[in-house]
Amino acid sequence: MLAATVRVTRDIDQAEECVQDAYARALATWSSSGIPSRPGAWLTTVARRRAIDVARRESTHERALPLLVERVAAPGPDELDVPEIIDDRLRLIFT
């Protein structure tokens with residue numbers, strides 16, 4: 001089951017997480033509906049579908065993130081309008 005999921009994800013860590021999610025979903029689903037006739041196939045299908053969902057979510061995230069972030073240049077220390085602090089103790093507190 002892990003090998004089939006690794007083929008989809010090409011990442012063993014992500015595949016392991018998807019397989020763990022499949023086992024967790026099996027515990028929740030099988031307690032109410034009963035064990036399916038082919039539990040290994042059921043688990044493999046759920047893990048593969050979870051891997052596909054994760055891959056789709058990541059690709060959507062990678063496409064949408066640059067649209068959400070507005071690039072603003074940070075002002076340099078010369079451009080800030082910070083008054084000069086005369087008391088050295090106060091400067092040490094804020095540093």
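Accessible areas come from the Shrake-Rupley method with a 1.4 Å probe, and for residues only the protein chains shown count as cover. On this basis the accessible surface of the protein comes to about 8100 Å², of which 55% belongs to carbon and sulfur atoms. The structure is a predicted model, in which local features need pLDDT of at least 70 and side-chain atom pairs count only at pLDDT 80 or more, while totals for chains, interfaces and linings use all residues. Residues are numbered from 1 along each chain as its sequence is written, and side-chain values use heavy atoms, with hydrogens and water left out.

The protein has 4 helices and 0 strands, where helices (H or I, at least four residues) and strands (E, at least two) are DSSP runs numbered from the N terminus. Read along the sequence, these elements give the pattern α-α-α-α. A residue is called buried under 20% relative accessible area, exposed over 50%, and partly exposed in between (1.4 Å probe, protein chains only); by this criterion, 17% of the 95 residues of the protein are buried. Of the contacts (heavy atoms within 4.5 Å) in the protein with a separation of 6 or more, 45% are accounted for by residues 24 or more positions apart.

Helix H2 has 22 residues and reaches 30 Å from its first C-alpha to its last, which is close to the 32 Å expected at 1.5 Å a residue, the expected span being 1.5 Å times one less than the number of residues. Helix H3 has 30 residues and reaches 42 Å by the C-alpha positions of its ends, close to the 44 Å expected at 1.5 Å a residue. A kink of about 25° lies at Glu 62 in H3, shortly before the proline Pro 66, the bend at a residue being the angle between axes fitted to the seven residues ending there and the seven starting there.

The buried residues of H2 are Gln 14, Ala 15, Cys 18, Val 19, Ala 22, Ala 26 and Trp 30, and they pack against H1 and H3. In H3, the buried residues are Leu 43, Thr 44, Val 46, Ala 47, Ala 51 and Val 54, and these pack against H1 and H2. The largest nonpolar core has 7 residues, namely Val 19, Ala 22, Ala 26, Trp 30, Leu 43, Val 46 and Ala 47. Helix H2 (12-33) and helix H3 (39-68) each supply at least two residues of this core, and the largest share, 4 residues, comes from H2. Here a nonpolar core is a set of buried Ala, Val, Leu, Ile, Met, Phe, Trp, Tyr and Cys residues joined through side-chain atoms within 4.5 Å.

Thr 5 lies in H1 and is buried, because its relative accessible area is 0%; leaving out residues up to four places away in sequence, Thr 5 touches Ala 15, Cys 18, Val 19, Ala 47, Arg 48 and Ala 51. Val 8 also lies in H1 (residues 2-9), but counts as partly exposed because its relative accessibility is 30%. Apart from its neighbours within four places in sequence, Val 8 is in contact with Arg 48, Ala 51 and Ile 52, and although Val 8 and Ala 51 are 43 residues apart in sequence, their C-alpha atoms are 6.9 Å apart in space.

A search of the whole structure finds 1 salt bridge, defined as a side-chain nitrogen of Lys or Arg within 4 Å of a carboxyl oxygen of Asp or Glu. In this salt bridge the side chains of Asp 21 and Arg 50 meet (2.9 Å, N to O), and the pair links distant parts of the chain, with Asp 21 in helix H2 and Arg 50 in helix H3, 29 residues apart. Asp 21 counts as partly exposed at 32% relative accessibility, and Arg 50 counts as partly exposed at 25%.

The loop between H1 and H2 contains Arg 10, whose phi is near 60°, a positive value in a residue other than glycine. Most residues other than glycine have a negative phi. Arg 10 counts as exposed because its relative accessibility is 74%. Asp 11 is found in the loop between H1 and H2 as well, and is partly exposed, with a relative accessible area of 32%. After H2 comes Gly 34, whose phi is positive, near 90°.
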